[in-house]
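Subject: Handing over the structure

Hi there,

Here is the structure I promised to pass on to you. Have a look at it first, and then read on for what turned up in it.

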Amino acid sequence: MINRNKITVLFLFLCVTFEQCYSKIPDYIQVCKRDQDTINECVRKSVEVLRPKLLEGIPEIDVPSLDPFYISEISPSSSSNTKGFQATGKDIMVSGAGNYSIKSVELDLEKQTFRARIRFPKLHFEGKYKVDIQFLLLPIRGEGTLSADAIKCTVDCLLRYKIVERNGVEYIEFTDLDNDINIRDYKINLQGLFNGDKSLEEATNQALNENKAELIKAVKPFAEKSVSNIILDAANKITKNIPYDELLPKP
């Protein structure tokens, strides 16, 4: 006779193997039918319903809180076209993301793409930085703490996905994400420039705040890369164990 412990172990093994234990759709996921005529509005409402869970985080699937959220590091990639831009940000806390508004949503079932435009009235950043760059004609060097506000931010996202099969069940898998970040205005303050020389530090912060278009152009590729990684990771964690036919059932 098989004892109860062995039966329990066998059941848990089957659950993990076939992922059926996790296929039940959580209450915070609003199901939308696979109908191109109605799906955009349904998905928009679904994202709104998801807002409270995004704000507090979803620890059971390792999705962190949206407000605040943390970026461990922002730095130029090895393939960056911004030559000579040696700057990194670390341990950055971002607050204000929970106040987003969804301006548009478009899910194309045939092309398997998801587009969205999201607006943030204000994002506040606190963290550490290290910089050695030539900004306009001004050399900027130092490391310390940063504080910044990005005002009236708009993010245009394009998520691509594919349908994958695991153990005879189809799931959505997001493969990549393009995003375009536009910032209307910002304020930034760097503490610790030029080994603490306050007069140079003040002049540099003034220059950074007076030449906003140039700084946004320099920082934008790194910010977009970090945002892409965060959104792509969260999207896949949310949908990973929900079958395609349950998440987006046929009409």
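R166 lies over the face of Y171, 3.9 Å from the centre of the ring. The charged end of K212 sits over another ring, that of Y186, at 5.4 Å from its centre. (A charge counts as over a ring if NZ of Lys or CZ of Arg is within 6 Å of the ring centre and within 35 degrees of the ring normal.)

Before going further, please keep in mind that this is a predicted model: local features need pLDDT of at least 70 and side-chain atom pairs count only at pLDDT 80 or more, while totals for chains, interfaces and linings use all residues. Residues are numbered from 1 along each chain as its sequence is written, and side-chain values use heavy atoms, leaving out hydrogens and water.

Next, the aromatic rings. Searching the whole structure gives one aromatic pair. Its members are Y161 and F174, with ring centres 6.1 Å apart and planes at 70 degrees, so the pair is edge-to-face. (Rings of Phe, Tyr and Trp, the last by its six-membered ring, pair if their centres lie within 6.5 Å; planes under 30 degrees apart are stacked, over 60 edge-to-face, and the rest tilted.) Y161 belongs to strand 5 (residues 138-166) and F174 to strand 6 (residues 169-193), so the pair ties together parts that are 13 residues apart in sequence. Helices (H or I, at least four residues) and strands (E, at least two) are DSSP runs, numbered from the N terminus. Both Y161 and F174 are buried, where buried means under 20% relative accessible area, exposed over 50%, and partly exposed in between, with a 1.4 Å probe and protein chains only.

What about the cysteines? The whole structure holds one disulfide, a term for a pair of cysteine sulfur atoms within 2.5 Å. C32 and C42 form it, with their sulfur atoms 2.1 Å apart. The torsion about their S-S bond is about -90 degrees, so this disulfide is left-handed. C32 sits in the loop between helix 1 (4-18) and helix 2 (39-56), and C42 in helix 2, so the pair ties together parts that are ten residues apart in sequence. C32 and C42 are both buried. C153 is buried too, at 3% relative accessible area, and C157 counts as buried at 9%.

On to the nonpolar cores, which are sets of buried Ala, Val, Leu, Ile, Met, Phe, Trp, Tyr and Cys residues joined through side-chain atoms within 4.5 Å. The largest has 45 residues, and I29, L107 and L248 have the most contacts inside it. Strand 5 gives the most to this core, with six residues. Leaving aside neighbours within four places in sequence, I29 is in contact (heavy atoms within 4.5 Å) with L50, I238, I242 and L247. Apart from that core lies another, of 15 residues, including A87 and F194.

Finally, the strands, which pair if DSSP finds at least two bridges between them. Strand 4 (residues 113-135) runs antiparallel to strand 2 (residues 86-95), joined by eight bridges, and M93 stands opposite E126 in strand 4. Strand 3 (residues 101-108) is also antiparallel to strand 4, with seven bridges. Between strand 4 and strand 5, again antiparallel, there are 22 bridges. These two strands form a hairpin with two residues between them, and L136 in the turn has a positive phi of about 55 degrees.

Enjoy exploring!

Best wishes
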